[in-house]
Amino acid sequence: MQTSILKKYREALLPWYTIYPTVPEFSAAVGAETYEEWLRGLPADDSVSLYLHIPFCRSICWYCGFPTTITRRDAPILNYLAVVRDEIRLVSEQTPQGLRVNDVHFGGGTPTLIGPAGFLAMIELLRRRFAFRKPATIAVEIDPRTFTAEIAEALGAANVNRASLGVQSFDRIVQKAINRVQSESQTAAAVEELRRHGVSRINFDLIFGLPHQTVQSCVQTATAAVAMRPNRLSVFGYAHIPSVIKNQRLIEETALPDSVARAEQAAAVADTLVAAGYREIGLDHFALPDDELTLAQACGRLRRNSLGYSADTCKTLIGFGASAIGRVGEGYVQNDVTREFYSRHIAAGRLATSKGYHLTDEDRVRAAIIERLMCDLEADVPAICAAHGFDPIRLLDSAERLAMLAEDGIVDIEKGFIRVRQEHRFVIRAVAAAFDAFLDRVSP
């Protein structure tokens with residue numbers, strides 16, 4: 001990939017397009033009353049996914065951009081869990097009885113800090129309030145540094161079947177530079193414990209572009225990860241925005257790789273994983289041939305939602321916890337970001353929705369095009385527009401960035417069918433941005 005292309009597109013501060021429109025477009029015009037109305041309008045035979053946000057960690061990773069609280073004590077976590085349980089009751093009272101659940105995802109923070117008893121109690125409450133499909137996918141994010149045999153046993157008892165482990169890098173120099181020291185043996189022990197208790201579908205998170213990271217260290221990390229044979233891996237590029245994320249100010253900026261080095265790291269990791277038998281999924285995921293993501297991609301059913309790439313086809317995602325994002329047919333909602341105000345809303349007997357977005361017909365067609373680009377690296381714009389009763393000419397004419405992308409050889413366009421060239425898959429966000437009505441599409 002040419003240096004000029006990297007400088008022109010790769011470092012642009014573009015959204016990750018897990019959802020469209022993106023969170024900055026949310027407003028207080030959509031609040032708790034709107035969300036209640038949307039929940040009451042859900043079809044009784046609908047299938048939904050659930051997301052529970054547990055925003056606590058034992059230590060801060062300096063690269064992390066997620067809202068989380070550092071605590072060495074369990075009391076704040078237990079108090080928060082009580083509020084989440086109340087929110088689950090409030091929400092379930094607004095939805096049709098027996099609403100079916102396909103997927104449950106515990107995210108963080110470090111969700112396993114709620115402990116074995118807390119986790120089992122939460123699963124039991126969800127099963128009482130909703131009708132779980134058999135077998136439902138239950139996933140949890142894990143920090144191997146705080147993982148225990150006791151929590152592994154509880155996950156097995158709760159029928160958890162997918163776990164996502166934060167790895168990032170096995171390079172000790174890099175780990176110290178980001179305040180996350182985690183040995184290969186800790187990670188391997190967590191994987192072994194999970195599999196021993198029936199949690200067989202394992203995901204690893206890796207990051208490139210970290211301070212002091214090199215192509216060699218990235219390849220060594222990927223090779224060590226592959227030896228543990230996770231079903232899939234997420235490989236993210238570190239986004240350094242210390243003006244927004246205060247803990248990133250602790251990272252030594254001069255030790256960060258430049259855009260060309262980042263691209264070389266990403267390509268080296270991709271080559272290592274593909275050589276080990278993993279298939280490329282969208283922008284930044286890799287999965288074994290029999291994984292759900294690979295199968296979904298092969299038949300055009302791969303989805304992208306607020307949690308990333310998914311084989312989940314549910315149109316409704318109900319989020320619980322501070323800052324949690326949800327989606328119903330009419331649009332998006334987000335709970336109050338601060339735990340204090342989130343808790344106050346729930347204690348007062350009202351939903352904690354602080355902002356959201358009501359989708360228009362045009363939003364839906366743009367979202368569909370962006371999703372197909374992010375998932376398949378191609379999109380049949382006329383076909384998508386026809387399915388939504390929308391004029392493709394007007395939409396294509398408004399996507400002024402497309403001409404520049406085609407001129408630079410990043411995309412091929414034929415009669416409205418857009419295909420991203422494989423060698424430029426890492427700039428797919430720039431292609432998706434061409435259909436973002438809220439961005440300046442002329443200059444990247």
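I count two residues as in contact when they have heavy atoms within 4.5 Å. With that settled, here is what I looked up.

**Ground rules.** I am working on a predicted model, where local features need pLDDT of at least 70 and side-chain atom pairs count only at pLDDT 80 or more, while totals for chains, interfaces and linings use all residues. Residues are numbered from 1 along each chain as its sequence is written, and side-chain values use heavy atoms, with hydrogens and water left out.

**Ala324.** I started in the loop between strands E13 and E14, where Ala324 sits. Strands (E, at least two residues) and helices (H or I, at least four) are DSSP runs, numbered from the N terminus. Is Ala324 buried or exposed? Ala324 has 4% relative accessibility, so I log it as buried. My cut-offs are under 20% relative accessible area for buried and over 50% for exposed, with partly exposed in between (1.4 Å probe, protein chains only). Which residues does Ala324 touch, leaving aside neighbours within four places in sequence? I found Tyr51, His53, Gly319, Val333, Gln334 and Asn335. I also noted Val337, 13 residues away along the chain, with 7.8 Å between its C-alpha atom and that of Ala324.

**Helix H2.** Next I went to H2, residues 32-40, and found Ala32, Tyr35, Trp38 and Leu39 buried. These four lie on the same side of H2, because they cover an arc of only 120 degrees around the axis; the arc is that of the directions from the helix axis to the C-beta atoms. Glu33 and Glu37 are exposed on the other side of H2. What covers the buried residues of H2? My list includes helix H3 (75-92) and strands E13 (316-320), E14 (325-328), E15 (331-335) and E16 (353-358).

A reminder to myself: most residues other than glycine have a negative phi, and most peptide bonds are trans. Tyr20 and Pro21 are joined by a cis peptide bond, with omega about -10 degrees. I place Pro21 in the loop between helix H1 (3-10) and H2. The bond from Lys134 to Pro135 is cis too, with omega near -10 degrees, and Pro135 belongs to strand E5 (residues 131-142).

Then I checked phi. Arg229 has a positive value near 50 degrees and sits in the loop between helix H8 (215-227) and strand E8 (232-237). Its relative accessible area is 37%, so Arg229 is partly exposed. Lys415 has a positive phi of about 55 degrees and lies in the loop between strands E18 (411-414) and E19 (417-420). At 79% relative accessible area, Lys415 is exposed.

**The whole protein.** Zooming out, I counted 16 helices and 19 strands. Why does the protein fit the picture of a compact globule? A globule of 444 residues would have a radius of gyration near 22 Å, and the 21 Å found here agrees with that. The radius is taken over C-alpha atoms, and the globule rule is 2.2 Å times the number of residues to the power 0.38. Along the principal axes, the C-alpha trace spans about 55 × 50 × 40 Å. Buried residues make up 56% of the 444. Of the contacts with a separation of 6 or more, 73% are between residues 24 or more positions apart.
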